[in-house]
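Here is a friendly briefing to read alongside the model. It goes topic by topic, with cut-offs given where a term comes up.

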Amino acid sequence: MPPISSETSNSSVNLKYVKLFYQYLVNHFITIALIPIALGVLIEATRLGPNELLGLWRSLQFDPVHLLCMSFLLVLVATVYFMSKPRTIFLVDYACYKPPVMLRVPFSTFMEHSRLILKDSPKSVEFQMRILERSGLGEETCLPPAIHFIPPKPDMAEAREEAEMVIFSAMDSLFEKTRLKPRDIDILIVNCSLFSPTPSLSAMVVNKYKLRSNIKSFNLSGMGCSAGLISIDLARDLLQVYPNSNAVIVSTEIITPNYYKGNERAMLLPNCLFRMGGAAILLSNRRSDRTRAKYRLMHVVRIHKGGDDKAYRCVYEEQDNEGKVGINLSKDLMAIAGESLKSNITTIGPLVLPASEQLLFLATLIGRKIFNPRWRPYIPDFKQAFEHFCIHAGGRAVIDELQKNLQLSAEHVEASRMTLHRFGNTSSSSLWYELSYIEAKGRMRRGDKVWQIAFGSGFKCNSAVWKCNRSIEAPIHDGPWADCIDRYPIHIPEVVKL
Amino acid sequence: MVLPVEEKLVHSIRFSSVGPGRVTGTDVVHHPKPMDLAMKLHYLRGIYYFSSQATRGLTTKVIKESMFLWLNEYYVTCGRFRRSPDTGRPFMKCNDCGVRFIEAKCDKTIHEWLEMLKENCELRKLLVSDQVIGPDLPFSPPLLIQITIFKCGGFALSLNWAHILGDALSVVDFINRWAQIISGLPADGLKQLHVSDRSSTAQKTPTKANQEPVSLIPVEPVGDMWTYSPKCKMGTFALHLTLPHLKHLRSKFFGHVKPEKVPLFESICAIFWRWIADVKEGEPQVVTVCKGDPSKRAIRSISNSQKISAVRADFSVKGSDPHELLCLLVDRATWENAQIEEVVERDYGVSDFIIYGGNLTFVDIGEADLYGIELKEHKPLFADYTIEGLGDEGVIVILPAPNDPKSSGDHDTGGMIVTMTLPESLLSKLKVVLMNNGMLQYDSIFS
């Protein structure tokens, strides 16, 4: 036995080196090609000698007019280039909401309350228990005050209170971190999928902080867990139009009005997974922010699969047989998520992957089309393109699926898993908690690229690519992980025995 | 009895849970001692009444917030009981499930309520939960706290405490600690709860080996429904023995005895034993006496460390001299803690027993710092505890009374409150005896 295994390990090591060589060759092709040319020129130059070179130069016969025209042309080309380049969007800083400990929901409390509220449906209680055991959530996730009652009392006043608590807290934290004055905000975008009062949440923010009357405010609702990146995309487009401006984005999900009061199993799932959370982000296109900004936005890719009926209905808000409103999650969810991810990868691949990966993908694609359709499709190695991954903590299954599809290691998905454990599924803001985790661990260095992927109802798969502008040193004294980062990472068992 | 009309007095009831702010950890388990298991069918129900000056600024939100800090130190009260799969012995899983928190409102002012309470002691049932542990052990909270807010802004804070967690001194320490935390005293966030070790109680009177304890009465198995229902209907009556009353009783019954040989608790027990024997058919020959033991407690510990003793009278108690009964109580009380523990352990703590009410029981909570609790430097207007899940013989609880705020400087103005839970027929006869002895005219402590 041993000789065979050493042989296979030898061959896999050899393969690894071959792959590395190939990658180096392709990615630095131009450099490698230029070296012989440069050497040639140098050798020729030394062979000719300085006098001959000077003679060559004089024979070119430049006169002042030519020179002027040429420099004018150069300046024109350079100006056109710089003017038409899209503005760089900086992420100056962001703040995540940290719920107080008195809102925490241990598993046992959740289950006991469930039993009392659903006392006529023991099967539904059993279902919730099984979900919770395998959910990957921890004992410190939080629900808003209205949901702590037996039975919960989700009225509109409580929903507004939760919104104020989460949004204002995140905004105050953002103002402190960035020294931003409320009157300096030019663009405000608030996204909250399931709670959309009149006046809107963005109006609520304008009212609280007395923002300027000519502010460009937007309120996105109904767009699901991927709405955070939709807001980023919207902010980016607006910041192309308005020079020298900044944009504040608030991403949150208000849990209070959406607690499902019925006992339909597919609709009880969100009750088990969704938890309180929110984030406020400051984007800017001002050159003065380029030194202090944490990240630059490189790409945003949005994929909408709503054209497909199955995808459209897989996360659907509707009334159950008793007229109670809830969100129905279909069984095809993971498959549809996988499909939308493939589309997203296909679009983002050419933008971020190194040439070596793109060539391999192209070769396999051509090969499958022309030679043999049974060739396995090549999954590009995204670890070559990104140092960090923030996968929306929608649930354990989502993270497992993406880890498998993108062939990521445990450390790559650590931020997602730990965020799911500590904060639960906070919907659109979960990406920011994950980014905060990576920073708190001291892993974010200048030049690192981060890929944020979010899924949402519709069905949408959106992703954003950021490049780290300056190294972020740990330990971080503020932020949602400040008091618990040392306890992480922890091992999360497959099934937690309640 | 609480009439339906009276039930509407307390309304807008909301249930939620409060637990420790800090995660206790996975698989943290607490094993009740044999003494704890012996008490599992009993419950302590205490109510504290705070005036509006004491409660100013203390919204329900602030109270709940403080409790999350407080329960870090007492995570055992937030767990749930299970049974060991092999022996069936109860143990507690400290899973942070939490204490049940009940909020209610009342349209009377505190003073109006306390006046109504004088007429009808049963009204206290509206202010404290009567839920017991069971039938589902893993989903039954051992502690339920209720805050009832009165029209004037004051509130009543009540606890329904499962006796398996600890004795009366423990509960009083526990709730006093909450008052300290909400008043801003630093919480020992990191200090672990000290669950007091069983220390061998030195016997005052050596007992014969293999003697079955008289105070521990086995009952029919109750399964997972941890309560005992007495066979006859019980009533409750609270009597305030002011200092003049106590002086009068002392001179009447123990006038010829030196004052230092007349301890307060035992003297009240002796008098009531005699009075009850006078009116009850089948006079009680044996009484159970429970006294707290402050010396054996560690700080922040909750445990059942009260001393339980049984006293038997060889003579007829009816018409006897209370001094003789007093001598029995003082000299011949045999502590039965060790035997109780031995009997409970015989079948791994699975059998069910009662102590309170198995014989006529006297419980001394006089040692507890009942009025040591302060909110905004105000003591409660009134506080009392009753015992539920007790046996047919009844229980008499002796508590300190609040100091009269109108008195001039002397601390011991309060006297004692004697709360008696007895069969209704016996209670009415006893009230006649109390009236004949001039005990039922007193200045209201609530005026």
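A contact here means heavy atoms within 4.5 Å. With that rule, residues 24 or more positions apart account for 80% of the contacts in chain B with a separation of 6 or more. This is a predicted model, in which local features need pLDDT of at least 70 and side-chain atom pairs count only at pLDDT 80 or more, while totals for chains, interfaces and linings use all residues. Residues are numbered from 1 along each chain as its sequence is written, chains are lettered from A and ligands numbered from 1 in the order in which they are written, and side-chain values use heavy atoms, with hydrogens and water left out.

**Chain B overall**

- Chain B has 11 helices and 18 strands, taken as DSSP runs numbered from the N terminus (helices are H or I with at least four residues, strands are E with at least two).
- Of the 447 residues in chain B, 58% are buried (under 20% relative accessible area; over 50% is exposed and in between is partly exposed, with a 1.4 Å probe and protein chains only).

**Where chain B meets chain A**

- Chain B brings 25 residues to the contact and chain A brings 19 residues.
- About 1800 Å² is buried between the two chains, and carbon and sulfur atoms give 56% of that area (the accessible area, with a 1.4 Å probe, that two parts lose on being put together, summed over both).
- Four salt bridges are found across this interface (a side-chain nitrogen of Lys or Arg within 4 Å of a carboxyl oxygen of Asp or Glu).
- Arg80(B) and Glu112(A) meet through their side chains in a salt bridge, at 2.7 Å from N to O.
- On the chain B side, the elements giving two or more residues are strand S1 (10–18), H4, strand S4 (80–83) and strand S6 (99–106).

**His113(A)**

- His113(A) sits in helix H5 (residues 107–117) of chain A and counts as buried because its relative accessibility is 8%.
- Its side chain makes a polar contact of 2.7 Å with that of Ser17(B).
- Leaving aside residues up to four places away in sequence, His113(A) touches His148(A), Ile150(A), Ser16(B), Ser17(B) and Arg100(B).

**Aromatic rings**

- There are 29 aromatic pairs over all chains (rings of Phe, Tyr and Trp, the last by its six-membered ring, with centres within 6.5 Å; planes under 30 degrees apart are stacked, over 60 edge-to-face and the rest tilted).
- Phe175(A) and Tyr209(A) form an edge-to-face pair, because their ring centres are 5.1 Å apart and their planes stand at 75°.
- That pair links distant parts of the chain, with Phe175(A) in helix H7 (residues 156–178) and Tyr209(A) in helix H8 (residues 201–209) of chain A, 34 residues apart.
- Both Phe175(A) and Tyr209(A) are buried.
- Trp70(B) and Trp178(B) make a tilted pair, since their centres are 6.4 Å apart and their planes are at 55°.
- Ring pairs also join Phe423(A), Tyr433(A), Tyr437(A), Trp481(A) and Tyr488(A) into a cluster.

**Arg212(A)**

- Arg212(A) is in the loop between H8 and strand S3 (216–220) of chain A.
- The side chains of Arg212(A) and Asp186(A) are joined by a polar contact of 2.8 Å.

Technical notes
A polar contact is a pair of N or O atoms within 3.5 Å; within protein, one must be able to donate a hydrogen and the other to accept it, and residues adjacent in sequence count only if both atoms are side-chain atoms.
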